[in-house]
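Visitor: Please show me the model, and then let us go through it by question and answer.

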Amino acid sequence: MSRMDDEHGPLVDLGTERPQVPARARNMSPIVPRASISGRALVAVVAIMTFLASITTGTVLLVSASAAEWQSEVASEITMQVRPQAGRDLERDVNAAAEAMRTQPGIVQVKPFSKDESARLLEPWLGSGLSIEQLPVPRVVVARVQPGTTLDLAGLRRAVTQVAPSASVDDHRAWIERMRSMTGATVFAGIGILVLVIAATIISVSFATRGAMAANRPIVEVLHFVGAGDRYIANHFLRHFLRLGLEGGVIGGGAAMLGFGFSESIAAWFSGTPVGDQFAALLGTFSLPPSGYLALAVQAVAIAAITAWASRRTLFATLDDID
């Protein structure tokens with residue numbers, strides 16, 4: 001063997017380019033690779049999940065705030081309709097019913113709508129060129145209730161019908177209940193979507209942790225068998241996946257915050273237009289308060305913590321299999 005080596009020489013002569021890696025640098029290499037393909041994929045998954053969760057949470061907050069504003073506005077008003085009746089003067093009945101409402105405790109403002117104002121209320125459905133002189137269009141009287149006042153609605157109805165038998169009073173209670181039901185359904189739907197997002201995140205992190213364990217199984221087994229405790233090994237994975245979760249959470253949550261901020265600018269640009277008025281009627285000013293942005297930031301950190309917790313839980317289960 002030595003004769004053959006002397007005759008042919010070394011197969012590869014590295015010369016002065018032989019790599020010299022200090023032992024300290026080798027020892028400081030992380031157990032879990034920092035820039036692996038699976039790590040980048042997990043960052044993308046967490047970013048997408050955080051973005052979807054933030055959009056859902058922000059939308060729920062917007063709808064809840066708008067619904068609360070609707071309910072407060074509707075609950076502060078009472079509407080009365082006085083229908084035309086044969087043999088009675090409609091104008092006299094309207095004025096008498098409005099005066100009866102003014103005498104009720106808790107009512108601070110009463111506004112009867114004139115014939116022209118009532119016609120303008122019907123223009124979106126009947127158009128502006130239609131004469132309503134021959135139509136039995138009721139006259140509307142709107143009364144504003146002092147906030148915090150419990151109104152005697154039964155007594156108000158009796159007082160109004162005594163002077164105007166064709167009058168009817170509506171406190172919008174059915175409409176408020178519908179809005180509460182819609183708001184509750186929206187909140188429950190948002191919670192359901194958040195639960196699905198968190199479940200998908202946990203599953204993704206579990207698979208990523210198993211992949212990292214499979215790629216580094218020989219190193220983990222050596223550490224495990226030479227006496228390294230499960231907690232020592234798990235802490236390396238915990239820090240690794242917490243960093244990935246925070247990175248994905250910052251990307252997804254930041255993108256969602258920028259989206260909501262940009263939507264406020266768009267709403268301001270379209271303010272006063274039919275499209276802008278429709279969005280304002282549905283979602284108010286379409287702007288999140290500072291507490292909403294704080295909730296999105298806390299949610300992003302929570303998803304990162306869930307990512308680290310899921311990886312730690314999966315790691316301990318894998319280490320039990322090694323034992």
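Visitor: Among contacts in the chain between residues at least 6 apart in sequence, what percentage join residues at least 24 apart?

Guide: This is a predicted model, in which local features need pLDDT of at least 70 and side-chain atom pairs count only at pLDDT 80 or more, while totals for chains, interfaces and linings use all residues. Residues are numbered from 1 along each chain as its sequence is written, and side-chain values use heavy atoms, with hydrogens and water left out. A contact means heavy atoms within 4.5 Å. Of the contacts between residues at least 6 apart, the share joining residues at least 24 apart is 84%.

Visitor: How many helices and strands are there in the chain?

Guide: Helices (H or I, at least four residues) and strands (E, at least two) are DSSP runs, numbered from the N terminus. On that basis the chain has 11 helices and 4 strands.

Visitor: What percentage of the residues in the chain is buried?

Guide: Buried means under 20% relative accessible area, exposed over 50%, and partly exposed in between, with a 1.4 Å probe and protein chains only. The chain has 323 residues, and the buried share of them is 34%.

Visitor: Where on helix α6 do its buried residues lie?

Guide: Helix α6 covers residues 153–163, and L153, G155, L156, A159 and V160 are buried in it. Seen down the axis, these buried residues fall within an arc of 160° (taken from the directions from the helix axis to the C-beta atoms). They therefore line one face of the helix.

Visitor: Which residues does S54 touch, not counting residues up to four places away in sequence?

Guide: S54 is found in helix α3. Its relative accessible area is 0%, so S54 counts as buried. With residues up to four places away left out, S54 touches G253, A256, F260, L296 and Q299.

Visitor: Which residues form a nonpolar patch on the surface?

Guide: Patches are made of residues with over 30% relative accessible area and no salt bridge; like charges are joined within 9 Å, and nonpolar side chains (Val, Leu, Ile, Met, Phe, Trp, Tyr) within 5 Å. L52 lies in helix α3, residues 37–75, and counts as partly exposed at 41% relative accessibility. The patch has about 320 Å² of accessible area together, and its members are I48, F51, L52 and I55.

Visitor: By how many helical turns are R102 and E99 separated?

Guide: The side chains of R102 and E99 meet in a salt bridge of 3.4 Å, N to O. R102 is partly exposed at 41%, and E99 is partly exposed at 46%. Because they are 3 residues apart in helix α4 (residues 90–102), the separation is about one helical turn.

Methods
Areas by Shrake-Rupley, 256 points an atom, 1.4 Å probe, with all protein chains shown as cover. Salt bridge = Lys/Arg side-chain N within 4 Å of Asp/Glu carboxyl O.
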